[in-house]
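Please have the structure open as you read.

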Amino acid sequence: MNEKAMLRRKIFEADFVLYELALFLDTHPDSKKAMELMCEYRKMRSELIKEYESRFGNYIETLSDVPESDRWKWIDGPWPWDNNFMEG
Amino acid sequence: MWKYEKKLQYPVNIKTPNPKYAQIIITQYGGPDGEASAALRYLTQRYGQPYDEVKAILTDIGTEELAHMEMICAMVHQLTRKLTPEEINASGFAPYFVDHTNAVYQIAASGAPWTATYYQSKGDVITDLHENLAAEQKARTTYDNLLRLIDDPDITEPLKFLREREIVHYQRFGEALRLSTDRLDCKNFYAFNPGFDK
């Protein structure tokens, strides 16, 4: 796996932790420990994205991430169900 | 409202197509205990719920199930690439192939098309949460059965991830049930339906 793919994988892992924490918080909304972890992983995720963008260009995951440029980059593959998605 | 995130929740990259496996894994897309049944069950049940924690957990688990549906579809898609007519005939994939080529279509392993009769939305928080606890266990058993039949790690790793998620969701629904019954009459939980009776 190349460095770009490894960095994307780390972002996806942070996203997973954030989702798991959200489910936990839904039934434990007053858990200080879970809220602290949420802050920690949000920070980690935004730092990973900063690093990705400084080395590899725009990080596009949702429509609002698409940069204002002369091309609508949203359509560019690979798409998540394609075999080479993690390398893309 | 939903926003698409252009990624899978857990990566799927199956290097060796296998239409036999596609025909059984597809049940977690279009089968009774599959991810589509789960997503629609939880997202549909939300409207009858009296408590905020339950509305939240149904929304967020229901949304995660949509992501699981996408992983299952990605697996079926990758397992049915580049097939020759000989492979299609030899693997038992021919009946599916003549109806759908190698598109993904929503059916159970038995071939039955998906139907809303696979789930209930009962308007009673105790009943709905018990339905959901059972649904998570039924899905967990289905993943256990798939893992008994499949040995390619490109396939078993994402299946193991999905199996584990069923267990976490079961835990969260159990907590939601406890939070709900804590607010009801402890001598008779059924004395009053908080989503209907005033």
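At what angle do helix H3 (residues 35-45) of chain B and H4(B) pack, and how far apart are their axes? The angle is about 160° and the axes are 8 Å apart, with axes fitted to C-alpha atoms over the stretch in contact and angles running from 0 to 180 degrees between N-to-C directions. H3(B) and H4(B) are therefore roughly antiparallel (over 145 degrees).

A word on the source: this is a predicted model, where local features need pLDDT of at least 70 and side-chain atom pairs count only at pLDDT 80 or more, while totals for chains, interfaces and linings use all residues. Residues are numbered from 1 along each chain as its sequence is written, and chains are lettered from A in the order in which they are written.

Helices here are DSSP runs (H or I, at least four residues) numbered from the N terminus. Residues of H3(B) that meet H4(B) include B:Tyr42 and B:Leu43; on the H4(B) side, B:Leu66 and B:Met69 are among them. Contact means C-beta atoms, placed from the backbone, within 7 Å.

H4(B) also turns up elsewhere:

| Place | Residues from H4(B) |

Between the chains, 24 residues of chain B are in contact with 14 residues of chain A. The largest nonpolar core has 41 residues; such a core joins buried Ala, Val, Leu, Ile, Met, Phe, Trp, Tyr and Cys residues through C-beta atoms within 7 Å, buried meaning 20 or more other C-beta atoms within 10 Å.

Conventions
Contact = placed C-beta atoms within 7 Å. Helix = DSSP H or I, 4+ residues; strand = E, 2+ residues; numbered from the N terminus. Parallel < 35°, antiparallel > 145°, perpendicular 65-115°, else oblique. Buried ≥ 20, exposed ≤ 12 C-beta atoms within 10 Å, placed from the backbone.
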